[in-house]
Amino acid sequence: MKLDLMVLKGLMTSDAAADRVVPPSGYTARLTMFSAATMAFLAVFALALSLSAGRVAQEWGEALARSSTLRISAAPEELSAQTAAALRVLETTPGVEEARPLSAEEQQALLEPWFGPDLPVDTLPMPQLIDIVETPEGYDSDGLRLRLSAEVPGAVLDDHTRWRRPLVAAASRLRLLGWVSIGLIAAATGAMITLAANAALAANAKVITVLRLVGATDAYIAGAFVRRFTLRTLGGAALGTALAIGAILVLPDAGEAGGFLAGIGFQGWHWILPLVVPPLAALVALYATQAAAQRVLKELT
């Protein structure tokens with residue numbers, strides 16, 4: 001849909017006579033402001049969720065991609081020997097940057113969230129875990145498994161592939177859901193503003209008739225409605241965006257106990273993106289109001 005040049009010009013200039021065509025108060029004004037503020041608030045949160053999910057997917061993918069775990073299960077009298085043999089294999093494996101056996105305290109810390117702090121690790125037949133850090137190039141996991149099966153029969157290599165792929169896929173889908181939500185919010189904003197504009201146009205049918213009798217063009221009348229509803233939407237969206245940014249600022253930091261929700265927010269230049277929400281909401285209102293005005297004015301002909 002092409003925008004009338006007179007409508008665009010009317011947005012940039014103030015015409016007191018044209019502004020009086022649209023009632024300055026009433027339920028349409030309150031509905032437009034409230035809808036714009038609410039939808040902008042939700043849009044900013046959906047944007048923050050989408051960007052955070054993408055950031056989490058990248059961080060989890062990078063963290064797990066360079067980390068592997070070797071688990072050695074053997075009789076207590078053989079565990080030390082097999083651990084030493086596994087370390088020798090890892091030291092001569094291309095792509096392995098560091099290999100370090102975890103201490104009993106570290107293994108207990110890994111099990112503490114599941115079994116509590118009083119788990120007697122030293123009295124249980126616990127396997128020995130070796131933490132492996134890869135180089136950026138990585139190693140050949142299939143070749144390493146073959147070497148370990150020959151030299152360390154009790155070793156099981158876990159390259160975290162089964163953990164990494166579902167986590168990254170889930171975060172990526174959550175990011176897509178955020179963008180879809182933003183699209184639905186924009187569509188709902190346009191629908192509500194269209195309804196409000198239709199109600200305002202219908203309520204002012206007699207005024208429109210009189211304006212036509214005195215020589216006002218449909219473009220002039222439509223421009224009055226478009227300007228008023230666009231500015232209402234811009235103001236409401238700016239208020240909703242400010243409230244959303246304030247709400248995000250008071251969320252707990254990613255370092256605090258809060259899980260995934262603690263990481264929702266913007267980082268770096270992403271803080272600029274919420275500022276785009278009010279102009280986009282105004283643009284949606286401009287198109288929606290112009291379409292409603294053209295349709296209603298045609299019906300009143």
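The largest nonpolar core has 18 residues, of which I193, L201, I208, I221, F225, F229 and L297 touch the most other members. Such a core is a set of buried Ala, Val, Leu, Ile, Met, Phe, Trp, Tyr and Cys residues joined through side-chain atoms within 4.5 Å; buried means under 20% relative accessible area, exposed over 50%, and partly exposed in between, with a 1.4 Å probe and protein chains only. The model is predicted: local features need pLDDT of at least 70, side-chain atom pairs count only at pLDDT 80 or more, and totals for chains, interfaces and linings use all residues. Residues are numbered from 1 along each chain as its sequence is written, and side-chain values use heavy atoms, with hydrogens and water left out.

- Another core, of 17 residues, lies apart from the largest one and has L70, V89, V96 and I132 among its members.
- Leaving aside residues up to four places away in sequence, L297 touches I208, R212, D218, I221 and A222, a contact being heavy atoms within 4.5 Å.

**Aromatic rings**

- The structure holds 2 aromatic pairs; rings of Phe, Tyr and Trp (its six-membered ring) pair if their centres lie within 6.5 Å, and planes under 30 degrees apart count as stacked, over 60 as edge-to-face and the rest as tilted.
- The ring centres of F41 and F45 are 5.2 Å apart and the planes meet at 40°, so this pair is tilted.
- Both F41 and F45 belong to helix 3 (residues 27–65), where they are 4 residues apart, about one turn of the helix.
- F41 is partly exposed at a relative accessible area of 28%, and F45 is likewise partly exposed at 26%.
- R232 lies over the face of F229, at 5.1 Å from the ring centre; the criterion is NZ of Lys or CZ of Arg within 6 Å of the ring centre and within 35 degrees of the ring normal.

**Overall architecture**

- The protein has 10 helices and 4 strands, taken as DSSP runs numbered from the N terminus (helices H or I, at least four residues; strands E, at least two).
- Along the sequence, the pattern is α-α-α-β-α-β-α-β-α-β-α-α-α-α.
- Of the 301 residues, 40% count as buried.
- Among contacts between residues at least 6 apart in sequence, 85% join residues at least 24 apart.
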